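Hi there,

Here is the structure I promised to pass on. Have a look at it first, and then read on for what turned up.

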Amino acid sequence: REHGKWISPRAFREKKEFFTNREKGVLMQKVEHNPMAAMMNPANMTSMMKGQMLMILPSILMMSYFSYFYSGFVIAKVPFPLTARFRAMLQQGLEQLSSLDVTYVTSISLYFLILFGLSGAISLLLGEASQSDDAQMMQQQMASQAAGTVDMNQAFKSESENLELVEHHWALDDAEQYIMANL
């Protein structure tokens, strides 16, 4: 409908007839809907995996960066008190320093804190449209499942009714006069 202005009036009438003919029109045919077919579609099955695969490269790069430049260093202090049970998790590579306060963290620990705790920093690095926010992805999946599937017969009927109402105005009707006037 939107780009119909670029074809001739005759071609527009033929296409309109092709889509909206009551007996043979493409938009008038009944469509069988099988909900199981949508679930078995390989494109639907792999879309989430593709989003996660895009997150692997930045994770590897960020972990390599922290490990290479800050290996064996205490690089941050957590602003809240922790128990001694967190020592093995937050002070990897510094096991020989048992007297060090638990709130000091090493590079690998900082990487994991940033990865899991600071999704805002990751979205700044990767951009707003990154697939890094797992909670947002889960909400989108739940919303798409709750919305259900689209009734294609109803969508085709609506589109054919809208197409019947369109009046054709050819955009190239006076193109020769426009070109000659601007030369």
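Let me start with a helix pair: H1 and H8 cross in a left-handed way. Please keep in mind that this is a predicted model.

**The H1 and H8 pair**

The axes of H1 and helix H8, which covers residues 152-165, come within 10 Å and cross at roughly 155°. Angles over 145 degrees count as roughly antiparallel, and H1 and H8 are therefore roughly antiparallel to each other.

**Thr 20**

Helix H1 spans residues 9-20, and Thr 20 belongs to it. Is Thr 20 buried or exposed? Its relative accessibility is 7%, so Thr 20 counts as buried. A polar atom of the Thr 20 side chain lies 2.6 Å from the backbone oxygen of Lys 16. Leaving aside residues up to four places away in sequence, Thr 20 touches Met 28, Ser 160, Leu 163 and Glu 164.

**Asn 21**

Asn 21 sits in the loop between H1 and helix H2, the latter being residues 35-39. With a relative accessible area of 16%, Asn 21 is buried; the cut-off for that label is under 20%. Which backbone atoms lie by its side chain? A polar atom of the Asn 21 side chain is 2.9 Å from the backbone nitrogen of Glu 23, and a polar atom of that side chain is 3.5 Å from the backbone nitrogen of Lys 24. Again not counting residues up to four places away in sequence, Asn 21 touches Lys 16 and Met 28. Met 28 is also among the residues that Thr 20 touches.

**Arg 85**

The last stop is Arg 85, in the loop between strand E1 (74-77) and helix H4 (87-90). Arg 85 is exposed, with a relative accessible area of 79%; over 50% is what that label requires. From C-alpha to C-alpha, Arg 85 and Val 102 are 8.7 Å apart in space, and they are 17 residues apart in sequence.

Best wishes

Definitions and conventions:
Residues are numbered from 1 along each chain as its sequence is written. This is a predicted model: local features need pLDDT of at least 70, side-chain atom pairs count only at pLDDT 80 or more; totals for chains, interfaces and linings use all residues. Side-chain values use heavy atoms; hydrogens and water are left out. Helices (H or I, at least four residues) and strands (E, at least two) are DSSP runs, numbered from the N terminus. Buried means under 20% relative accessible area, exposed over 50%, partly exposed in between (1.4 Å probe, protein chains only). A polar contact is a pair of N or O atoms within 3.5 Å; within protein, one must be able to donate a hydrogen and the other to accept it, and residues adjacent in sequence count only if both atoms are side-chain atoms. Contact means heavy atoms within 4.5 Å. Axes are lines fitted to C-alpha atoms, for helices over the stretch in contact, and angles run from 0 to 180 degrees between N-to-C directions. Angles under 35 degrees count as roughly parallel, over 145 as roughly antiparallel, 65 to 115 as roughly perpendicular and the rest as oblique. A crossing is left-handed if the near helix is turned anticlockwise from the far one by less than a right angle, and right-handed if clockwise.
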